[in-house]
Amino acid sequence: MGFADILNYAGIAVFAATGALSASRKQMDIIGFLFLAIVTAVGGGTLRDLILGNVPVFWVVNPIYIMVCTGVAVLLFFTAHLLESRYVWLLWLDAIGLAAYCVIGAQKGLEASGSPTVAIVTGVLTAAFGGILRDLLTGEPSVLLRPEIYVTAALAGAGAYTALVQLDLSHALSAAIAALVAFIIRGGALKFGWRLTGYRQRPGRHPDEIPSMRR
């Protein structure tokens with residue numbers, strides 16, 4: 001098993017854990033745990049494969065991914081109450097999953113198309129879409145609407161991986177560095193509140209100030 005495979009299974013497991021932790025916060029039953037764990041873990045990769053035309057999608061070809069999600073969901077159904085702060089665990093596990101998945105998505109996109117642009121897009125989609133589905137299903141504020149950096153971390157990781165591969169670094173080293181880049185950026189956002197400057201509404205020009213509207 002290569003480094004990319006380890007990264008892939010790690011991403012599946014930690015994203016499944018975030019789905020299960022979300023289910024625990026909503027006090028769902030075991031079916032809710034299973035559903036959220038699976039949807040969160042495979043949602044981004046499923047969208048990626050559909051966009052790239054890789055059908056059947058990855059978890060149909062290799063059902064062990066669903067088995068991993070199931071194992072994580074069942075484990076957390078019986079142990080989630082032991083965690084001191086499930087929300088903090090959810091955020092940090094999500095950061096690990098994001099770091100792994102942005103690299104995996106970029107790798108799949110690069111292999112399928114050869115295009116760095118496509119690789120970066122599929123990296124971001126793979127990393128972010130599962131978390132978006134999880135938040136949507138549980139009624140939590142979407143990761144896209146949170147003030148701290150999230151998608152930008154996935155973008156940086158996917159971009160770093162693509163750039164390093166173009167520089168002829170090995171895939172394993174490129175993946176390790178890129179995953180670390182994404183995790184540091186997302187971790188910094190969680191720890192220190194890093195965020196991008198938001199748009200600020202400015203008063204529009206009065207019609208009398210616009211030459212074409214003067215009479």
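The count of salt bridges comes to 5, a salt bridge being a side-chain nitrogen of Lys or Arg within 4 Å of a carboxyl oxygen of Asp or Glu. The structure is a predicted model, in which local features need pLDDT of at least 70 and side-chain atom pairs count only at pLDDT 80 or more, while totals for chains, interfaces and linings use all residues. Residues are numbered from 1 along each chain as its sequence is written, and side-chain values use heavy atoms, with hydrogens and water left out.

The predictor's confidence in each residue is given as pLDDT, from 0 to 100. Its mean for the protein is 90, and 94% of the residues reach 70 or more. Confidence is lowest in α1, at a mean of 89, and highest in helix α2 (residues 30-52), at 97. Helices here are DSSP runs (H or I, at least four residues), numbered from the N terminus.

One of the salt bridges joins the side chains of Lys26 and Glu140, at 3.6 Å from N to O. Lys26 lies in the loop between α1 and α2 and Glu140 in the loop between α6 (116-138) and α7 (151-166), so the pair ties together parts that are 114 residues apart in sequence. Lys26 is partly exposed at 37% relative accessibility, and Glu140 is partly exposed at 22%; the term covers values between buried (under 20% relative accessible area) and exposed (over 50%), with a 1.4 Å probe and protein chains only.

Another salt bridge pairs Arg134 with Asp94, with 2.9 Å from N to O. Arg134 belongs to helix α6 and Asp94 to helix α5, so this pair links parts 40 residues apart in sequence. Both Arg134 and Asp94 are buried.

For Asp94, the relative accessible area is 2%. Leaving aside residues up to four places away in sequence, Asp94 touches Phe15, Thr18, Arg134 and Tyr150, where contact means heavy atoms within 4.5 Å.

Helix α5 (residues 86-113) also packs with helix α1 (residues 3-25): their axes come within 8 Å and cross at roughly 145 degrees. The axes are lines fitted to C-alpha atoms over the stretch in contact, and angles run from 0 to 180 degrees between N-to-C directions. In the contact of α1 with α5, the residues divide into 17 nonpolar, 7 polar and 3 charged. Of these classes, nonpolar takes in Ala, Val, Leu, Ile, Met, Phe, Trp, Tyr, Cys and Pro, charged takes in Asp, Glu, Lys and Arg, and polar the others, Gly among them.

Conventions
Helix = DSSP H or I, 4+ residues; strand = E, 2+ residues; numbered from the N terminus.
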